[in-house]
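I opened this entry to record what I looked up.

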Amino acid sequence: MSRLSLPRAALKPRYDVIVVGSGYGGGVTASRLSRAGKRVAVIERGREIPTGSFPQKFSDLRHEFRVTGKNFRSGPEQAIYDVRLGRDMHVLVACGLGGGSLVNAGVSLVPDRRVFTDHVWPGQIAQDGLLEEGYRRAEAWLRPMADPRAREMTKFKVLEKAGRSMGAEPVASRIAVTFEDTVNPAGIAQAACTRCGDCCAGCNVGAKNTVALTYLPDAVRHGADVFTGLKAETVRKGADGMWRVALRATASEAGAPDDVTLEAPVVVLAAGTLGSTEILLRSRAAGLPLSDKVGHRFSANGDIIAFGYGAKTPVNAVGVGHPAKVDGLEIGASVSGQIEFRDAETLSNQLNVQEGALPSAFASVLPVMFVPNGRLLGALQSLISGVYKGPFASLQTFFAVSHDSASGRFSLEDNALSLAWENAKDEPVYARLDAILSKLVAESGGAYVKNPLAGTVMGHQPATAHPLGGCGMGRDRTNGVVDHKCRVFNGAAGAGDTDVHDGLYVIDGAVIPRSLGVNPLLTITALSERAMLHFARDHGLSYTTAPAASAAA
């Protein structure tokens with residue numbers, strides 16, 4: 001597949017639509033509006049990473065972390081992993097063309113219907129039927145499915161045995177991965193999953209249905225211009241009614257300026273929960289009138305990543321990469337199975353626990369990660385025998401999601417995004433998750449390790465890879481930042497509570513005003529498809545979502 005991004009010299013000063021960000025929200029928007037005949041520019045702060053170029057060794061991986069704290073910053077700005085260390089909570093997001101789809105596990109689930117009847121949502125979300133259509137369209141393009149051989153994977157079997165002892169039966173997880181050679185709806189040829197376990201470091205096979213292999217190439221096929229290495233700082237509206245987006249280069253390019261301003265009648269912020277919220281906070285500081293709720297209702301989606309150490313049997317939950325580092329060893333996708341703990345009475349008590357796999361690039365450093373927890377002997381044994389044969393062959397990895405109170409709040413401190421969530425570690429969800437995971441690990445004969453890096457710079461704060469909110473939907477500007485169509489409320493004096501800024505949208509996980517209780521990628525995509533349906537109706541546009549006719553080289 002040819003590269004999607006263009007050199008910065010190809011930038012035009014004006015477009016019909018500027019899309020800031022290239023994850024699920026940005027990809028959907030760019031595809032649909034390009035198909036509707038709009039001249040679209042997609043702006044991504046990270047770089048394009050072709051299939052086969054994701055890190056497979058720790059020597060490569062260690063350059064792919066950008067770590068930011070209150071008083072320090074390390075790593076390149078275009079690193080794939082963007083780690084924000086906070087006083088109350090840590091957040092991990094992705095950076096690259098395709099956004100979080102590049103390094104997530106691809107788990108694609110629909111939330112409990114009670115999530116959308118919560119009063120925090122505008123009523124139209126549950127009432128107009130377009131969210132259901134959004135899910136249908138999202139599934140048609142991301143094509144989630146369960147691995148037909150999921151139950152054969154060792155890590156699934158270990159979870160199954162432990163779960164059954166607790167009266168819980170695992171199911172195969174629906175994931176955005178293809179398990180046979182195919183041509184996807186964007187016309188891109190994709191190879192079948194090799195079950196190498198490296199999904200969360202980037203799929204070098206090309207089997208994961210990322211935005212970079214689906215919506216973005218479709219947008220380019222229909223005329224969109226895609227640019228990388230540019231970060232949006234602010235958006236403002238001129239007297240002529242045009243929106244102007246101030247951009248700063250995150251990577252130098254010969255002959256190209258470091259600061260650029262583009263203009264368009266429509267701007268869609270799709271830079272993710274952290275990115276879109278920061279842009280609006282900066283823009284408000286520069287004079288753009290917005291709702292007072294900007295930055296409010298941040299949710300960690302009840303997230304936890306935890307480990308079980310010392311299981312009695314091999315688990316095989318460390319990836320082998322592609323090409324495989326170990327012949328004949330199948331790990332499965334990053335997530336093959338899950339246990340769903342339902343509660344018909346109390347939605348917030350529901351849990352979803354998934355068995356996971358760490359990418360092969362982490363293999364050599366795993367023993368060192370577990371040294372701080374007093375497991376020096378096992379770590380040294382694995383340094384000698386390798387993580388595929390020593391104690392780390394029995395390492396369990398868990399990805400779990402549930403519900404929290406969405407009480408986090410973003411602000412700007414010293415011109416940088418800051419997250420405050422007093423007593424976040426005391427959210428009830430973490431005690432529930434700890435209890436369930438401790439039991440599952442104990443049933444496998446291991447010891448529960450909530451955070452192997454506790455006591456280091458990570459401290460004891462909770463961490464999330466599924467940040468939501470900050471620009472939450474609301475009925476009006478007194479309780480939200482955008483309306484149900486993802487249009488940004490106008491906070492100017494004299495404006496009505498439901499008045500919006502014509503042409504300014506937020507379409508990504510930032511608009512979700514509460515936890516979902518499941519991995520959010522499918523819902524973000526569905527809400528984005530829904531927003532495009534409303535956009536087309538409001539602007540007299542039409543487009544088809546039919547698959548492309550043929551495979552792209």
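**Core**

I started with the largest nonpolar core, which has 131 residues. Ile18, Trp121, Leu440 and Val506 have the most contacts inside it. Helix α11 (residues 521-539) gives the most to this core, with ten residues. I keep in mind that this is a predicted model.

I then listed the neighbours of Trp121, leaving out residues up to four places away in sequence. Trp121 touches Val115, Phe116, Met473, Arg475, Ile512, Pro513, Arg514, Leu516 and Leu527. Another core, of 24 residues, lies apart from the largest one. Ile80, Tyr309, Met369 and Phe392 are among its residues.

**Helix α4**

I checked the length of helix α4 (residues 130-142). At 1.5 Å a residue, its 13 residues should span 18 Å, and the end C-alpha atoms are 18 Å apart, which agrees.

Which residues of α4 are buried? I found Leu130, Leu131, Gly134, Tyr135, Arg137, Ala138, Trp141 and Leu142. They cover an arc of only 170° around the axis, so they sit on the same side of α4. Their cover includes α1 (24-35), α3 (124-127), α6 (215-221) and α11. Arg143 follows α4 and has a positive phi, near 50°.

**Sheet**

I traced an open sheet of six strands, in the order β12-β2-β1-β16-β26-β25, with mixed pairing. β12 (225-227) and β25 (487-489) stand at the edges with a single partner strand each, so one side of each has no neighbour in the sheet. The twist averages 30° from one strand to the next.

Strands β16 (residues 266-269) and β26 (residues 500-506) run parallel, joined by three bridges. I noted that Leu269 has Val506 of β26 as its bridge partner. Val506 is also one of the residues with the most contacts inside the largest core.

Note on methods. Residues are numbered from 1 along each chain as its sequence is written. This is a predicted model: local features need pLDDT of at least 70, side-chain atom pairs count only at pLDDT 80 or more; totals for chains, interfaces and linings use all residues. Side-chain values use heavy atoms; hydrogens and water are left out. Two strands pair if DSSP finds at least two bridges between them. Helices (H or I, at least four residues) and strands (E, at least two) are DSSP runs, numbered from the N terminus. Axes are lines fitted to C-alpha atoms, for helices over the stretch in contact, and angles run from 0 to 180 degrees between N-to-C directions. A nonpolar core is a set of buried Ala, Val, Leu, Ile, Met, Phe, Trp, Tyr and Cys residues joined through side-chain atoms within 4.5 Å. Buried means under 20% relative accessible area, exposed over 50%, partly exposed in between (1.4 Å probe, protein chains only). Contact means heavy atoms within 4.5 Å. The expected span of a helix is 1.5 Å times one less than its number of residues. The arc is that of the directions from the helix axis to the C-beta atoms.
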